[in-house]
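Please open the model in your viewer and keep the selection tool at hand.

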Amino acid sequence: MNHTTSIQSAQLISKLWELLEGIPDPEIPVLSILDLGIVRNVEVDENGHITVSITPTYSGCPAMDMITINIKLSMSAAGYKDYSIKQVLSPAWTTDWMTESGKIKLEKYGIAPPNPNDELPACPQCKSPNTKLLSQFGSTACKSLYQCEDCREPFDYFKCH
Amino acid sequence: MPDKEILYNYLLQLADSSLILAQQNGTWCGHGPILEQDIAITNITLDLLGQARNFYQYAAELANEISGKTTATEDSLAYDRNEREYKNLLLCEQPNGDWAQTILRQFFYTVYLKKLYAALSNSDDARLAGIAAKSLKEIKYHETWCSEWINRLGDGTEESRSRMLKALEEIWPYTGEMFLPSADEKTLIQSGFLPDLSAIEKEWKEIVKEVFAESDLPFPDEKIYMQQGGKEGKHTEKLGFILAEMQYLQRTYPSAEW
């Protein structure tokens, strides 16, 4: 690869990342798939073929098929033709890959962000730390259900994974 | 690396067990005792289904490499094989029964998967190790949930305890098969590709004994005859009915998609 094409492909890759940033998670539309850490890599080979590597969140998450379709739709709409989407299972996806800005967006949206210390999550509404677990399994595979003991509001917690 | 055909058979064993249990659990959807628990059992079911898909996709690639064709897919493996070709554990095809029986069946299988996947996540086969490591994260939530229910029912009311004891009597004879290696497993264990199942059995029993002790449930007689044959395609009469329902659409309208 000569110097000009390597600059071109670097520009292309940064454009692709911008495009992917615009794709929301179908279940939690306030987060982009980049916030979730699903997209692991974007590569362009010497023939101009683009490979987007994604890591599924939960094995049984129905949103994963939707995300793959949405990436294809966005790529095609932006005029890219020669691309493929590769699923990478290892290393397994972890909530540690969620961006800090993603965690802030989640909390504003009313979902307590993953807490790696596994302490009780604070209420995303009134910020009280006085909460209790209602159910380990919530409205989607990635969430469990809590309730705030002070404002009494039930809320979702994005589980550590 | 092991012979492709043996590995293919082994992957089907893993995939079939989780698929059949998922199919069984799935019928609780909309019928769980309360909404949160309905959601819990169906979430666990989705995880099992997703894990089965990962194994089927791998198995389908191997099947195509072996045959030189491109006809095998995750769907063809799930929908186009009959009961003699299914290699699931007999435990997974046992009926849902009541909530106690469903919970107990799930608990036994979950603890087994936890120990098995922990061992497989160190496999030399990077793809198998990747699937196992990913699944293990999900299984840990299942274990907590199941153990709490064993506690609640075993050490709950007279009614819940009697149901748990009855479920134990029904289900226990199907637990031994998990640790009795099939011919393919024996080959894989001998070559060091798979861990020794008796080591997994020992760890499984430790956890089950601990949870049973907390729940005031007796640990059953270990010497009774254990049912076996599922891994080799010899099933109870129940599997045929499960497959008849699960495969109905593909059998009636082959290659239908929506």
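Is Glu177(B) buried, partly exposed or exposed? Glu177(B) is partly exposed, because 18 other C-beta atoms lie within 10 Å. By definition, a residue is buried if 20 or more other C-beta atoms lie within 10 Å of its own, exposed if 12 or fewer, and partly exposed in between, with C-beta atoms placed from the backbone.

Two conventions apply throughout. Residues are numbered from 1 along each chain as its sequence is written, while chains are lettered from A and ligands numbered from 1 in the order in which they are written. This is a predicted model, in which local features need pLDDT of at least 70 and side-chain atom pairs count only at pLDDT 80 or more, whereas totals for chains, interfaces and linings use all residues.

**Stop 1: around Glu177(B)**

Select Glu177(B), which lies in the loop between H7 and helix H8 (183-190) of chain B. Helices (H or I, at least four residues) and strands (E, at least two) are DSSP runs, numbered from the N terminus. Two residues are in contact if their C-beta atoms, placed from the backbone, lie within 7 Å. Leaving aside neighbours within four places in sequence, the contacts of Glu177(B) include Leu89(B), Leu90(B), Leu91(B), Met226(B) and Lys231(B).

**Stop 2: H5 and H7 of chain B**

Select residues 99-120 of chain B, helix H5, together with residues 158-171 of chain B, helix H7. Their axes come within 8 Å and cross at roughly 55 degrees, which means that H5(B) is oblique to H7(B). Axes are lines fitted to C-alpha atoms, for helices over the stretch in contact, and angles run from 0 to 180 degrees between N-to-C directions. Angles under 35 degrees count as roughly parallel, over 145 as roughly antiparallel, 65 to 115 as roughly perpendicular and the rest as oblique.

The crossing of H5(B) and H7(B) is right-handed. A crossing is left-handed if the near helix is turned anticlockwise from the far one by less than a right angle, and right-handed if clockwise. To view the contact, show Ala100(B), Gln101(B), Leu104(B), Arg105(B) and Phe108(B) on H5(B), and residues including Ser160(B), Arg163(B) and Met164(B) on H7(B). Sorted by class, this contact has seven nonpolar, two polar and three charged residues. Here Ala, Val, Leu, Ile, Met, Phe, Trp, Tyr, Cys and Pro count as nonpolar, Asp, Glu, Lys and Arg as charged, and the others, Gly among them, as polar.

**Stop 3: H1 and H8 of chain B**

Move to helix H1 (residues 4-26) of chain B, which packs with H8(B) at an angle of about 120 degrees, the axes being 9 Å apart. H1(B) passes H8(B) in a left-handed crossing. Select Ile6(B), Asn9(B) and Tyr10(B) in H1(B); they meet Asp184(B), Glu185(B), Thr187(B) and Leu188(B) in H8(B). The classes in this contact are three nonpolar, two polar and two charged residues.

**Stop 4: chain A as a whole**

Now select chain A, which has three helices and seven strands. From the N terminus, the order of its elements is α-β-β-α-β-α-β-β-β-β. Of the 161 residues in chain A, 35% are buried. The C-alpha atoms fill a box of roughly 60 × 30 × 25 Å along the principal axes.

**Stop 5: the sheets of chain A**

Which strands form the three-stranded open sheet of chain A? They are S1-S2-S3, in that order, with mixed pairing. Two strands pair if DSSP finds at least two bridges between them. The edge strands are S1 (39-44) and S3 (83-87), each pairing on one side only. Strand S2 (residues 50-54) of chain A pairs with S3(A) in the parallel sense over five bridges, and Ile50(A) stands opposite Tyr83(A).

The other stop here is an open sheet of four strands in the order S4-S7-S6-S5 (chain A). S4 (111-112) and S5 (131-135) of chain A each have a single partner strand, so one side of each is left without a neighbour in the sheet. S5(A) pairs with S6 (residues 143-148) of chain A in the antiparallel sense over four bridges; select Thr131(A) and its bridge partner Cys148(A). Finally, S6(A) and S7(A) form a hairpin with five residues between them, and Arg152(A) in the turn has a positive phi of about 70 degrees.
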